[in-house]
Structure formats: structure tokens, C-alpha cells
2 protein chains.
Amino acid sequence: MPSGKRGRFPLQTPVLTCARALGVDIDSVCGGRGICGRCQVIVGEGNFAKHAITSSTDSLSPKGDPENLYDTRKGLKPGRRLSCHALLRGDVVIDVPPDSQVHKQVVRKRAEARAIDVDPIIRLHYIVVDEPDMHDPIGDFERLGRALKEQWGIEQLDAIDTRALQLLQKALRDGDWKVTIAVNHGQQINMVWPGFRDRAFGIAFDIGSTTIAAHLCDLSTGDVLASSGIMNPQIRFGEDLMSRVSYVMMNPGGEAELTAGVRNGLNDIIATVSIEAGVEAEEILSLTFVGNPIMHHLLLGIDPRELGGAPFALATTSSITRCATELGLTGTNQDARAYVLPCIAGHVGADTAGVILSEGPHLSDEIMLIADVGTNAEIVIGNKDRLLAASSPTGPAFEGAQISCGQRAAPGAIERLRIDPDTLEPRFRVIGNELWSNEVGFAETIEGTGVTGICGSGIIEALAEMYLAGLLTHDGTIEGAMSAKTPRINADERTFTYMIYAGEPEIRITQNDVRAVQLAKGALYAGTRLLMDKLGIDAVDQITLAGAFGSHIDVKYAMILGLIPDCDLAKVSSAGNAAGTGARIALLNRSARDEIEAVVKTIEKVETAIEPNFQEHFVEAMAIPHNSAPYPNLAKVVDLPERKANANSNVGNVNRQRRRNRAS
Amino acid sequence: MPSGKRGRFPLQTPVLTCARALGVDIDSVCGGRGICGRCQVIVGEGNFAKHAITSSTDSLSPKGDPENLYDTRKGLKPGRRLSCHALLRGDVVIDVPPDSQVHKQVVRKRAEARAIDVDPIIRLHYIVVDEPDMHDPIGDFERLGRALKEQWGIEQLDAIDTRALQLLQKALRDGDWKVTIAVNHGQQINMVWPGFRDRAFGIAFDIGSTTIAAHLCDLSTGDVLASSGIMNPQIRFGEDLMSRVSYVMMNPGGEAELTAGVRNGLNDIIATVSIEAGVEAEEILSLTFVGNPIMHHLLLGIDPRELGGAPFALATTSSITRCATELGLTGTNQDARAYVLPCIAGHVGADTAGVILSEGPHLSDEIMLIADVGTNAEIVIGNKDRLLAASSPTGPAFEGAQISCGQRAAPGAIERLRIDPDTLEPRFRVIGNELWSNEVGFAETIEGTGVTGICGSGIIEALAEMYLAGLLTHDGTIEGAMSAKTPRINADERTFTYMIYAGEPEIRITQNDVRAVQLAKGALYAGTRLLMDKLGIDAVDQITLAGAFGSHIDVKYAMILGLIPDCDLAKVSSAGNAAGTGARIALLNRSARDEIEAVVKTIEKVETAIEPNFQEHFVEAMAIPHNSAPYPNLAKVVDLPERKANANSNVGNVNRQRRRNRAS
């Protein structure tokens with residue numbers, strides 16, 4: 001159990017042997033020597049009518065020395081046996097608990113996300129090696145290879161890494177010819193330790209332009225033992241990607257500084273998570289990386305300038321495997337393998353590959369739209385039959401930049417906002433504070449930080465609520481006429497502003513703020529629409545918003561504002577840091593690497609910059625929620641205002657502006 | 001011609017295309033673009049009755065722009081055409097000169113040595129790569145891979161090295177989408193340069209305990225462009241191998257010092273040969289290494305202590321491939337691949353593997369004995385059916401150590417010696433001087449250096465000549481009775497000495513010197529005999545003496561003294577630095593690597609230390625030339641003295657000594 005497989009075996013056969021003969025994979029690191037405790041099983045007691053079996057602990061041999069020794073040293077829960085040393089004595093029903101199964105699963109927090117099968121590229125094997133024999137003077141490595149073949153059936157061992165070869169002879173002798181080896185991809189000895197050992201770790205990295213995140217995982221359980229995030233040290237060369245590329249353009253050799261910057265950051269974060277998890281450098285054997293194309297290139301020491309302009313040529317779209325030392329990484333085993341996920345196109349990087357691995361659109365029957373929104377939005381649409389990807393230049397408005405009172409998501413920033421449709425009065429919440437601004441005690445709780453600005457999710461809600469309250473027209477004009485109804489609408493030269501917070505600083509929404517968000521959301525929607533056109537569809541079945549922005553916004557407001565097309569709101573979700581999850585999946589499951597490499601090759605890449613329809617979609621998408629696209633699902637849950645354009649239309653302005661640009 | 005292949009092709013077909021269709025491999029780096037000039041052919045003119053062809057230069061299209069441009073830039077000898085641009089216009093006889101054949105051969109100096117097929121693991125390919133296309137945004141590397149498949153049929157390209165990936169984008173653009181790449185093993189891009197390029201180099205290293213030798217080779221022609229030899233910097237940790245192992249035993253971490261020592265030496269020698277050959281670091285893409293097991297381990301950073309005592313376990317007997325940087329090498333391309341030949345057994349290292357590759361006993365019908373004599377003698381015996389190897393502890397006597405007036409082979413050392421059988425007067429030659437000591441002017445020519453001692457080859461000749469002159473008995477006693485005939489025999493306590501040179505210093509042969517050589521040659525012969533026993537043979541067909549010692553001695557004297565068994569003297573030869581030649585073969589020919597790896601696995605390794613017959617053979621072999629083995633071939637050319645033991649026998653002494661040792 002739970003597989004339900006059954007069979008007949010000679011008396012005195014170890015339960016582990018029976019299980020394997022039945023195709024039930026029970027885990028083992030020590031190879032059936034009663035040391036690792038991974039092969040534990042539970043004996044079912046009672047009459048099992050269905051199986052015509054009366055099962056009891058008497059159906060197995062009593063516990064002998066190895067099991068008792070294991071119990072003394074590490075503890076064996078009542079009812080549990082080591083299947084390698086429990087011998088058949090009669091009919092018995094055996095339960096294999098989840099932690100004894102080879103392919104353990106790591107269940108993810110989100111209910112809809114598929115679990116991760118723990119099957120990492122690095123595996124530990126405990127082996128007993130013959131002592132040297134002058135009559136057969138092969139090397140220690142070759143004798144170890146023979147043992148690995150005999151004891152573990154590993155036939156294709158073809159090499160041993162530098163450090164492992166240097167440690168091998170001492171480990172064999174210190175361990176009295178018993179060692180634990182880490183085998184990479186079933187082919188290469190990556191590390192060796194004397195005696196039995198059950199510790200091997202890996203780190204999954206997500207290198208963002210702003211932050212670098214790392215998760216240190218136990219490669220046998222899949223558990224995350226420590227996580228950390230730091231600012232990307234490259235920030236001193238420029239906040240956004242293009243300013244970093246500009247730095248390289250203006251400073252010959254600047255790419256080396258940027259590469260050193262990110263690698264130093266990685267070394268810092270490796271040190272942090274190692275200490276937190278209590279892990280030694282030599283135990284860290286596997287690393288995986290995701291990042292946008294520019295971060296990808298800088299990590300690998302590749303000059304990113306080609307990515308700074310058309311045709312946005314990547315040095316490589318393939319996955320890359322390097323030794324840790326080749327990436328200048330310290331604090332891991334020197335021969336730890338760093339796997340960098342493949343890139344998809346010049347603007348769609350290994351981070352998007354990670355998002356795909358995490359969200360699995362290539363496995364879905366339903367059409368999924370996945371958008372990872374930052375300064376660029378990476379958009380993936382499709383299902384198991386066909387997948388398209390593009391990047392759309394949303395600009396930094398969604399991150400609070402280019403907004404008059406905008407700021408990054410940090411304590412003091414407005415992140416939630418509601419407007420009373422009758423009084424037109426706003427109420428809001430700031431990051432780091434549970435109270436709404438109209439609740440008792442709010443003033444006191446914000447005394448430390450104050451209200452400092454409005455972040456990306458706040459601006460989305462503010463504009464959507466203004467639209468619902470009639471303060472903002474369909475075409476994105478702040479309605480000056482409403483100044484008759486509320487003193488919060490004020491004239492500002494030829495446009496109007498909406499006052500949110502009259503403190504210090506004053507927080508207002510200006511017409512320029514609206515325009516910045518319109519440009520951003522227009523780009524996002526237009527990229528989405530373009531891919532939908534290519535796919536020949538008018539609606540998607542599911543929408544997933546990935547990334548930090550996606551996990552903070554209320555998806556309903558994103559739809560009201562028209563960032564995303566209409567969809568059943570129950571099927572719109574936030575995936576959080578899906579790119580980082582993808583890196584973690586590639587760390588914990590070797591076949592996930594083959595999977596994403598294969599998927600990336602089949603993805604149809606769309607370059608928005610050269611698509612004639614993009615501009616048209618963009619202009620249409622400037623309106624709120626959209627100039628023409630219907631929102632039937634949204635209309636079911638939100639009372640949308642009538643679509644009515646203001647005479648002095650922003651959309652019209654932008655439209656004219658763009659036509660002028662094209663003509664010139 | 002010269003293959004004699006013939007065929008019919010449509011008019012206007014390039015001659016290169018015809019040749020390939022016929023299976024005649026004509027070289028090309030540029031892929032038929034008229035740039036590299038490797039595909040030159042010569043048009044045969046006249047009536048070829050045998051082929052029923054009238055051939056003339058008119059049978060080909062006249063020279064066009066590419067050929068004229070090549071002629072202007074690099075020169076095209078009269079009568080030569082670039083086969084890629086010469087089109088068929090009629091019947092023609094084409095000669096493919098040796099330098100246009102893909103598998104060029106490097107002919108070795110020794111007539112009996114097989115030529116080296118030039119087919120290195122690194123190959124250059126000139127390719128034209130498509131420019132990036134935003135409609136198909138694959139990376140530059142992937143586009144290059146497509147071109148390599150289309151233009152060169154290389155299908156299995158699976159990765160690109162770190163440095164090449166970093167240089168790729170700039171090289172493609174600087175070269176206007178034409179680049180030359182170095183491909184490692186047909187699978188991995190190792191380096192990239194803009195435009196056409198025809199330079200790739202490699203270095204073959206022989207790491208001896210005393211000296212490190214290096215040959216820098218052109219990977220396309222196989223030519224040695226520069227050679228150098230330096231003292232192994234490890235010498236400051238001990239002259240011989242065991243003293244270096246002792247250093248590690250007594251100084252924890254000492255192996256790191258020894259490793260740094262040899263690597264520093266390698267970096268020095270790389271710099272020397274690169275400058276001499278006018279080669280840039282980034283052009284050096286391939287390295288091969290041979291060395292004895294301890295040098296092998298220290299090169300790889302492996303603690304050599306296990307090799308210092310039984311069971312003499314090697315860390316690995318397999319070949320090893322590492323990046324240059326992993327071996328701490330500078331001055332080559334950072335991703336140059338270093339290939340270390342396999343070891344055979346604890347005392348029989350990668351140097352012996354090199355000797356085998358050079359001398360090819362595994363390809364021979366005749367039974368070959370190959371001995372590489374140094375402090376240990378590595379002995380290989382067998383033929384294509386069966387091959388055995390052993391190491392025998394000869395000690396340093398053959399290198400002039402443990403000899404009262406012994407010294408290394410250096411200017412001033414006696415290297416040749418003859419004794420007049422009538423007068424019993426010696427004459428000799430010293431290294432660095434063409435004159436014999438009895439020739440007019442000898443005294444003047446040695447004024448600078450003097451006569452400083454006697455080296456390994458000198459001591460062999462001295463003892464052999466003493467034996468032939470009756471000054472030395474069959475059992476190795478200096479004949480005191482001969483003092484009646486010559487004043488050069490003098491008493492020294494209970495033994496006698498033979499005076500060679502009464503200068504300053506005096507150079508004499510003492511009884512202890514004779515004993516040291518007897519021990520050395522007894523060990524060499526006993527090891528040989530042991531392998532012959534295992535093989536069930538009484539005589540060998542060929543003898544090859546490898547190494548510096550083997551190349552300096554006169555093989556006849558080696559046989560008179562009984563270092564080697566009897567053999568037709570015409571079939572006894574010196575191979576010089578055969579180990580180094582083996583490294584050069586592995587550098588220039590990729591399949592030689594597979595060959596030696598396969599051969600090493602089939603070799604039967606014999607450990608003399610645990611063979612009960614070894615001692616017996618050793619004692620028997622102490623006599624001159626041997627106590628019982630016949631020397632019929634030697635007797636044909638040398639008038640051997642009757643075998644007569646002295647009453648006060650050395651052999652008897654040694655024998656008794658050994659019995660005492662065993663009993664205690």
C-alpha cells in the first residue's frame with residue numbers, strides 16, 4: 001500500500017527486495033545496509049478481506065541488531081520497520097509511507113500548482129569498495145566504479161570531478177572502504193565523503209534586476225531550509241536594466257564590473273542561507289538560476305550590449321551548465337554544477353522559462369495567460385498544443401516609478417484604496433499597517449513611518465476606484481466636472497488632480513499619473529491581445545499574474561483597469577515568484593530540465609516591436625478598461641460605468657502623438 | 001592520384017566536390033570558400049594511356065577571382081589550383097599533394113617508428129552565420145550551430161565553452177558574420193575568432209621527476225614549432241620520487257607545495273615555447289600530459305602518499321580531462337583541454353602509456369620488450385595478442401648516483417669507454433667533447449670543463465669493457481690478480497679498484513660501484529624475466545630501450561652486462577623520449593587516446609614485489625651477463641669471456657645477505 005501491488009515471495013526475503021520486485025520504489029541511500037533509515041515501512045495489522053490476508057507484525061522477522069542500532073541512534077517510530085532488514089515470514093500488508101517513497105513530492109502552497117517530484121540531478125549513494133589488490137592494480141576510482149555498478153546498477157559512470165578525485169583516497173581509508181558519493185546525472189562523481197552520509201544541498205536563485213532571491217533546499221527531501229533576498233548590487237550602476245546596459249556602452253569593460261557585482265551578491269546570499277541552514281560549503285552541490293536575458297548574460301560574464309537594441313540578439317538561448325568556480329562562486333563545493341535555465345528570446349529570458357516550469361501552461365488543456373509584470377511584461381499564452389511568448393514594454397509605472405507620488409512597495413506606501421461612490425472620499429491602507437485610514441487609531445499607528453507615497457498595487461486600485469466612482473472617464477481623463485461634488489478634485493493647469501491624502505507629503509493622483517498607467521497597461525494588454533490574435537482566440541480560460549507586482553495587486557482591479565482581458569475572476573490568480581519556483585523545480589527534479597529545454601524550443605516567439613498590429617492594439621487598450629473589448633465576466637461582479645469618452649481625450653492625444661512619431 | 005580513384009561528374013562540378021564524392025578526403029578549413037588554400041590540387045598534363053585520358057589545364061575552368069586573390073595574398077605554386085574553385089570542363093587527372101590530404105602524417109625520425117596521423121581533437125572550421133532575425137529569435141550560438149550543421153555536417157554540437165561564449169557575439173559582428181571556430185571532439189565549441197583563421201596549437205608535456213619537457217605543435221600540420229626542457233621545480237623537495245613523497249609525509253599539506261611547484265614549472269615552460277613559436281595564449285587549445293604515477297598525482301593535486309607504500313594504490317588509472325584553469329595553468333586558452341594519459345599500475349604510470357603509444361607493442365606481431373629505465377624501470381613485454389607490464393626497482397645507479405665517481409649526464413662526464421684487451425689501458429670520451437682521451441688535443445679541449453665523473457652510459461661501458469678485458473669476473477668481482485698486469489688495478493682494503501683517470505678528481509671503478517650496477521641490472525633483468533615467464537617465452541624478438549638512459553647507452557654493452565636478455569642486436573634499439581612522443585601522438589591524433597585507453601585496460605599488470613620468483617630471478621641475474629641465461633646472439637658479435645666465478649663471490653655475498661634478511 002498505497003500502490004495496491006501484491007505478489008508472492010520466498011520466506012525470508014527482505015521486504016525491500018519484494019517491493020522492488022513489484023516495482024514499488026522504496027528509497028535507500030545505504031543500499032540496504034540498515035544505516036540510512038530511508039526504507040521504513042509500516043506493517044498493516046488485521047484481516048484484509050479484500051486481500052484475503054491476515055497481517056500482523058509476526059509476519060515479519062523480529063527486529064535484529066541493525067534495526068535496533070538504528071532505533072537507538074536515530075529513533076524508529078512504533079510500528080515502523082526498516083524494509084531492508086525485515087524478512088518475510090508470512091502474509092503481510094505493507095504500507096509505504098510517503099517519506100519512504102523514492103519520488104517524494106513537495107506540495108506547493110497554492111492549491112492549483114502541481115507538486116514537485118523530488119528527483120534531483122545529484123544523488124547520494126553509500127557504497128562499500130574493495131580494498132586495493134596488488135594483483136589487480138586498478139585505481140581507487142575504478143574500484144569504486146565497479147562497486148557502484150554492482151551495488152547500485154550504475155553503469156555509465158565515466159568521470160570524477162577534480163575535488164572528489166583529490167579527496168577520494170583519504171575518504172576511502174578514513175571510512176574504512178565505505179564512502180558516500182554524490183553522483184551527478186548518474187554519470188559523474190561529484191563529491192565523496194567517508195562513511196555514511198545523508199546531507200546534500202542545492203540552491204535555487206532568481207536574479208532580478210532589483211533583487212536576488214535564493215532558496216537553499218535539501219536535495220533528498222526537497223524542503224526549503226533557508227531563503228533570503230538581497231538587493232542586486234548592480235543597482236549602483238543603474239536602477240533599471242537599460243541604464244545598466246548604457247553603463248556598459250559608456251564604460252568599456254563595464255560588463256566585468258556588473259558581472260562582479262552580481263557574483264558578489266550571489267556569494268553574499270550563499271553565505272547567508274548556508275549559515276541559516278547550518279550547511280557546509282562542500283555539501284552544496286547543485287545550483288540553478290533564472291533571470292531576465294540581461295541578468296542571464298551578466299551572470300555568465302557575457303557583454304549585454306547586444307540586448308540593448310534591435311535585433312536584441314542573445315548570445316545563447318540554450319541552457320548552460322557551468323562549474324561554480326567558473327561563475328566565480330565561492331561558498332559552495334568548487335565542483336557544484338550551476339544550471340542556468342534556457343532563454344526564450346531577446347526580451348523573454350530564463351525567468352520566463354522558470355515561470356513556465358512553475359505554472360505548466362504546456363501541460364494545460366485550458367488556454368492560460370501568464371503575465372510576469374515588471375519594467376517589461378513577459379507574456380505567455382497557450383496550452384499543451386501551442387504556446388506563444390512575447391515581451392511588452394510596460395515601463396516602470398507598475399513599480400511606482402514615473403508616478404508623481406509613486407514609490408516602491410515599502411512600509412508607508414499606500415497599497416490598498418477604496419473610494420466611497422457617494423461621498424467620493426478615499427480610504428486606504430499602507431504597507432506595514434493593518435488599519436484602514438478611516439479606522440480609529442490609524443493616525444497613531446502611522447506615526448513612525450507616515451504615509452510616504454503610493455506603490456504599484458495602490459495606484460492600480462486608486463485608478464480603478466476613481467473609474468468606478470466616476471472620477472475617471474473611460475478614456476482616462478480625471479473628470480474636472482466632479483470638482484463640483486468633491487473638494488478632492490482640483491485643477492492643475494489644464495488638467496485635474498484627485499487628492500488622496502492631505503498630509504506631508506500630499507498624495508495626489510495627477511493626469512500624468514493616469515497617463516503613465518494607461519501607457520503601461522496599454523502595452524501589457526496589447527502584447528496579450530497580439531498573442532491572442534496569433535492564437536486565433538478572443539478569450540482565455542485562466543489568467544496567472546506572476547512576479548512581485550502580480551502577487552500584490554487585487555486581480556479584480558487589474559481587470560477593471562483593463563490590464564488583462566476579461567476572464568472568470570475565479571480563474572484569475574497570482575502565482576507569486578513563479579520564476580524562482582521554476583528554478584527550485586529545476587533544482588529538485590532533473591527531468592524538469594529536459595522538460596523546459598524542450599518546451600522553450602517549441603514556443604513561438606513574438607517580437608512586439610516588429611508586429612504591425614501592436615500599435616493599433618496599444619491605442620485601443622489605452623481606454624479603461626478597453627476601447628472595444630467586452631468584459632462580460634467582470635460586468636457580472638462589478639457595476640462598470642458606461643463607456644463614455646471625455647471630449648479632451650487622452651487616448652486621442654496619444655493616438656495623434658504616435659501618428660506624428662511614425663510620420664517623422 | 002595518388003589514390004587512383006576515378007569517376008564521372010557533370011561539367012562545372014568543383015574538383016573538391018568530385019573528390020569528396022569519390023571518397024578522397026581533401027582538407028578544407030574555409031568550407032570551399034577559396035580562403036584557406038588547404039584544398040590545393042595539381043593538374044596532371046599529358047596522355048594517360050592507363051586511364052584513356054588526355055589531361056590538361058584546359059580541362060578545368062580558368063582561375064577566377066578567389067584563386068587569383070589567394071595567389072596574390074598567400075601565393076599559389078605554378079600548376080596548383082584551389083579544388084573548391086576549379087570546375088570540371090573535361091577529362092582530367094588530378095594529383096592531391098600530401099599537404100592537401102585531411103589525414104596528413106608526421107613522419108618520425110626513427111625509421112622503425114610508425115608515422116603520426118594528424119587528426120587532433122581540436123578542429124578549426126570557418127563558417128558563415130546568419131544574422132539575427134527578430135522573427136526567429138534564437139541565440140547567436142544556436143544560429144552558429146545551425147550553420148555548422150549545414151556547412152560542415154556537424155550534428156552533435158551540444159555546448160560552448162565559457163570563454164568562447166563570452167567572445168562569440170563580438171566575433172560574429174567583428175567578422176561580419178564570418179567566424180572561425182575551434183571545435184573540441186566534434187561536440188563543443190572551444191574558441192571563436194572573427195573571420196578566417198588557420199592557427200591552433202597544442203603542447204605535449206612529459207613530466208619527469210627530474211625534468212619537464214614540452215613540445216608546442218601546430219595542430220593542423222602536426223609540426224613541432226618549439227621545444228623546451230626545464231628542471232622540475234619539485235627537485236628542491238627531493239631529488240627522487242620517494243624523497244618527495246617523504247616530504248609530504250613529514251609536512252602536512254606538502255602535496256600542495258609540490259603541486260604548485262610542478263604547475264609553476266609548466267607555466268614557465270608554456271611561456272618559453274609560446275614565445276619561441278610566436279603563439280598567443282588563446283591559440284593554445286589542447287594539452288597532453290604523461291608522467292610517472294607520482295608526477296601524475298601531483299599534477300592533478302592528488303596527495304601521492306598512497307603511492308609511497310604497498311599496495312601502491314593509484315587514485316585513478318583512467319585518463320583524465322580537465323580545463324587548463326583547473327590545473328592552475330596560465331598562458332593557454334582558459335578552456336584549453338588538458339588530457340592526462342591513463343596510468344597502468346601503482347608503479348607504471350602515464351609515462352609508460354606514452355611509451356606504448358609511441359612504440360606500439362600492441363600492434364606488433366613480434367614479441368617486443370620495451371624498458372624505460374630510470375630510478376625504476378618500467379618494463380612492457382608482449383605483442384598484439386598479449387601485453388604485460390611491470391616496474392622493477394633498479395635504483396639510481398644507472399643515473400650515475402650511488403657510484404663513487406658517478407654523476408648525471410652533463411658536460412665533463414665520461415659517457416663512452418674502451419679498454420685495450422692487451423694493455424688494459426682505458427680510453428674514453430666525455431660529454432661535450434668529440435675527441436677520445438687518447439687522441440691528440442684531448443687535454444686542451446677539456447681544459448674548461450675537465451673530466452668530472454662518469455655518467456650512466458659510461459659506467460655501463462666501463463664495466464662491460466672490464467668484463468671483456470678480464471678485469472671483472474662473471475660474478476662481478478674486480479680481479480685482484482690482474483694487478484700483476486696493470487698498475488690500474490689497486491687494492492682497496494679487501495677489494496680492488498680500476499683507475500680510469502688519474503686526474504683531479506681521480507676517477508675509479510670500485511667494487512661497490514660494480515655491486516650497485518649489479519643490483520640495478522639484476523632488478524631490470526629479473527623484472528623482464530618475470531614477464532617472460534608469465535608469457536611463457538624464453539626470448540624476445542625486439543628490444544627497445546626508452547628514456548634518456550636508453551638513448552645514451554650502447555645497446556651492445558647493455559647486453560654484455562646483462563641488463564637485457566639476449567636478442568638479435570639489429571633488433572635492439574633506443575627509442576629516445578618515447579613517453580614524450582606518446583604525449584605528442586595523443587595531442588595530434590584523437591583516436592590515439594581511445595587506443596591507449598583500451599590498451600591499458602587489457603595490459604596484465606605484474607607487481608614484482610609480490611611475485612615469489614622475482615627474488616630468485618634477481619639473484620640469478622646478478623652475474624655478468626647472467627648466471628644461467630644463454631646469450632647466443634651476443635656471442636656472435638662479441639667474444640664473451642668464459643663464465644667463471646671468483647671464489648670470493650659478490651653474488652654469493654648478496655645471496656647470503658638476502659637469506660639472512662628473509663630469515664630475520
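Predicted model: local features only at pLDDT ≥ 70, side-chain atom pairs only at ≥ 80, totals over all residues.
Hi everyone, thanks for coming.

Let's begin with the two chains. In general, two copies of a chain are related by a rotation about an axis and a shift along it. What are the turn and the shift here, for chain B laid on chain A? The turn is 180°, the shift along the axis is 0.0 Å, and the RMSD comes out at 0.1 Å. The two copies are therefore related as by a two-fold rotation axis. As for the contact, the same surface serves both copies, with 100% of the contact residues of chain B recurring in chain A.

Strand S20 of chain A, residues 387-392, pairs with S29(A) in the parallel sense, over 4 bridges. If you'd like a pair to click on, take Ala389(A), whose bridge partner in S29(A) is Lys605(A).

Over to chain B for another sheet. This one is also open, with 6 strands in mixed pairing, and its order is S14-S13-S12-S15-S17-S16. S14 (224-231) and S16 (320-323) of chain B are the edge strands; each has a single partner, so one side of each is left without a neighbour in the sheet. The twist in this sheet averages 20° from strand to strand. One place to look is Cys217(B), which stands opposite Val224(B) in S14(B). A helix lies across this sheet as well: H14 of chain B, residues 578-588, spans S12, S13, S14, S15 and S17 of chain B and runs at about 150° to S15(B).

In chain A, the axes of H8 (350-359) and H14 (578-588) come within 7 Å and cross at roughly 75°, which makes H8(A) roughly perpendicular to H14(A). The residues that meet include Gly354(A) and Val355(A) from H8(A), and Gly582(A) and Ile585(A) from H14(A). By class, that contact divides into 6 nonpolar, 4 polar and 2 charged residues.

In chain B, let's look at H8 (350-359) with H15 (590-602). Their axes come within 10 Å and cross at roughly 115°, so H8(B) and H15(B) are roughly perpendicular to each other. The crossing is right-handed. H8(B) brings Ala353(B), Ile356(B) and Leu357(B) to the contact, while H15(B) brings Ala592(B), Glu595(B), Ile596(B), Val599(B) and Val600(B). How many of these are nonpolar, polar and charged? There are 7 nonpolar, no polar and 1 charged.

One more pair in chain B: H3 (140-152) and H4 (162-174) have axes that come within 10 Å and cross at roughly 60°, so H3(B) is oblique to H4(B). Here Asp140(B), Phe141(B) and Leu144(B) of H3(B) meet Leu168(B), Gln169(B), Leu172(B) and Arg173(B) of H4(B). That contact has 4 nonpolar, 1 polar and 2 charged residues.

Last, some backbone details for anyone who likes checking torsions. Most residues other than glycine have a negative phi, and most peptide bonds are trans. In chain A, the bond from Glu504(A) to Pro505(A) is cis, with omega near 5°, and Pro505(A) lies in the loop between S25 and S26. In chain B, the bond from Ile624(B) to Pro625(B) is cis too, with omega near -10°; Pro625(B) is in the loop between H16 and H17. Finally, Asp176(A) has a positive phi, near 55°, and belongs to the loop between H4 and S10 of chain A.

That's my tour, and I'm happy to take questions.

Notes
Residues numbered from 1 in each chain as written. Chains lettered and ligands numbered in written order. Heavy atoms only, no water. Least-squares fit on C-alpha atoms with pLDDT ≥ 70 in both. Contact = heavy atoms within 4.5 Å. Pairing = 2+ DSSP bridges. Helix = DSSP H or I, 4+ residues; strand = E, 2+ residues; numbered from the N terminus. Axes fitted to C-alpha atoms, helices over the stretch in contact; angles between N-to-C directions. Parallel < 35°, antiparallel > 145°, perpendicular 65-115°, else oblique. Left-handed = near helix turned anticlockwise from the far one by under 90°. Nonpolar A, V, L, I, M, F, W, Y, C, P; charged D, E, K, R; others polar.
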